[in-house]
Amino acid sequence: MAGGWFFLMITESFVLGARDFRLPGIGSYMSVAVAKGDVRAMVWAIFAMITMIVVLDQLLWRPVVVWAQKFRVEEGGSDEPTSTSWFYDWLRRSSVIDWLGSALAALRRRLGKSDQQVAHAQQTKRVQPGASHALSITLFTFLVVILLFGSYRLFLLLGQLPARGYLPIVGACGWTLGRVLLSTALGTIWTLPAGLAIGLSPRLSRIFQPIVQIAASFPAPMLFPLAIAVLKAAGVSLGWGSVVLMLLGTQWYILFNVIAGASSIPSDLGEAARSYRLSRWLRFRFLYLPAVFPYLVTGWVTAAGGAWNASIVAEYVTFKGQVMTANGLGAQISLAAEHADFPRLGACVIVMAAVVVTFNRTVWKRLYALAESRFSLSK
């Protein structure tokens, strides 16, 4: 959900060549406000966005988090809930909800006999796999034909770009890869201790988890004008500033996964560590870090993917009518889309996909195997 909010401004308002696409929504409203430099409109858009996120958190995410607590398997002595929700408590006390539950239960009992008859008829009925098999083969063949046709058209499109045109794309991809890894590393530095503190403490979880959920849901591109202004005042170029812009939207993936990993640590292990009077460093090294490592790897993967997506808007920024770019693949994609240079756009997408898949196979897959073999609490 936070990733969807992140690209709200880009998906509701973007330029492709000579065509300007705009959809009604707060994302396009904010993009127009930023383009015109209308501070009053930007403030109203931010206020509306915060209001919508808070309402959604109170009516949906907080009740879901509280409801999910009953699925935890604990053997320790701590029964203190990590989150509370007034809306969830109100639903549980609602007489209307009780009446609907009773009505549905009565309807199930009334239809129970017919359901059993239907199930018995389905079991006794002979299955004719011929029609379903033919349909599967037909759909699969249609899918293969579509893929082959798309690959052929993509090959023709890429053929329009000379071989030397790939060199700047590959070089720009190297710069973006460095920024992705740097933003992921910087995000880990603060999210790992913060996530452990929030996930291990029910009191801190009740206080900070709703704040984190709201902060993560807020679309970071709405804050880009403020961040760019601060970076320009500090004399930081967009080459380094784009790392900060990526960090604004990707750090939450790591934090949420670390919180989830810390919350899943069995309380009896924590009680045993305290009983043996292990220092904080020993607990971190031999209990907390191994326990959250699988979740941390997942956070790294999602944060890196979010950083690749964010590079398109972090390396190509419009500020007060001035276009600022950084040498990177995201800027190459934005420039190709702006000038409707589809051969270059296709080449950039292919290079990005190849680098992401290669990195997944060579780095993230090995880290997942390490997490499964050495840092699993179930083995």
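## Start at I228

This is a predicted model. Select I228 and show its neighbours: leaving aside residues up to four places away in sequence, I228 touches L238, L245, V317, F319 and M324.

Now widen the selection to the largest nonpolar core, which has 52 residues. I228, L245 and L329 are the residues with the most contacts inside this core. Which elements give two or more residues to it? Colour α8 (166-200), α10 (224-233), α11 (238-263), α13 (280-314), β3 (316-319), α14 (329-338) and α15 (342-374) to see them. Of these, α13 gives the largest share of the core, 15 residues.

Next, find the second core, which is separate and has 14 residues. Select M9, I26, A45 and I53, which are among its members. In soluble globular proteins, nonpolar side chains tend to be buried together.

## Move to α3 and α4

Select helix α3 (residues 26-36) and helix α4 (residues 39-68). How are two packed helices described? By the angle between their axes and the distance between the axes. Here the axes of α3 and α4 come within 9 Å and cross at roughly 155°. Angles over 145 degrees count as roughly antiparallel, so α3 and α4 are roughly antiparallel to each other. The crossing of α3 past α4 is left-handed.

Show side chains where the two helices meet. On the α3 side, pick I26, Y29, M30, A33 and V34; on the α4 side, pick A41, M42, A45, I46, A48 and M49. By class, this contact of α3 with α4 has 11 nonpolar residues, no polar ones and no charged ones.

How values were computed: Residues numbered from 1 in each chain as written. Predicted model: local features only at pLDDT ≥ 70, side-chain atom pairs only at ≥ 80, totals over all residues. Heavy atoms only, no water. Axes fitted to C-alpha atoms, helices over the stretch in contact; angles between N-to-C directions. Helix = DSSP H or I, 4+ residues; strand = E, 2+ residues; numbered from the N terminus. Parallel < 35°, antiparallel > 145°, perpendicular 65-115°, else oblique. Left-handed = near helix turned anticlockwise from the far one by under 90°. Contact = heavy atoms within 4.5 Å. Nonpolar A, V, L, I, M, F, W, Y, C, P; charged D, E, K, R; others polar. Core = buried A, V, L, I, M, F, W, Y, C linked by side-chain atoms within 4.5 Å. Buried < 20%, exposed > 50% of the residue type's maximum accessible area, 1.4 Å probe, protein only.
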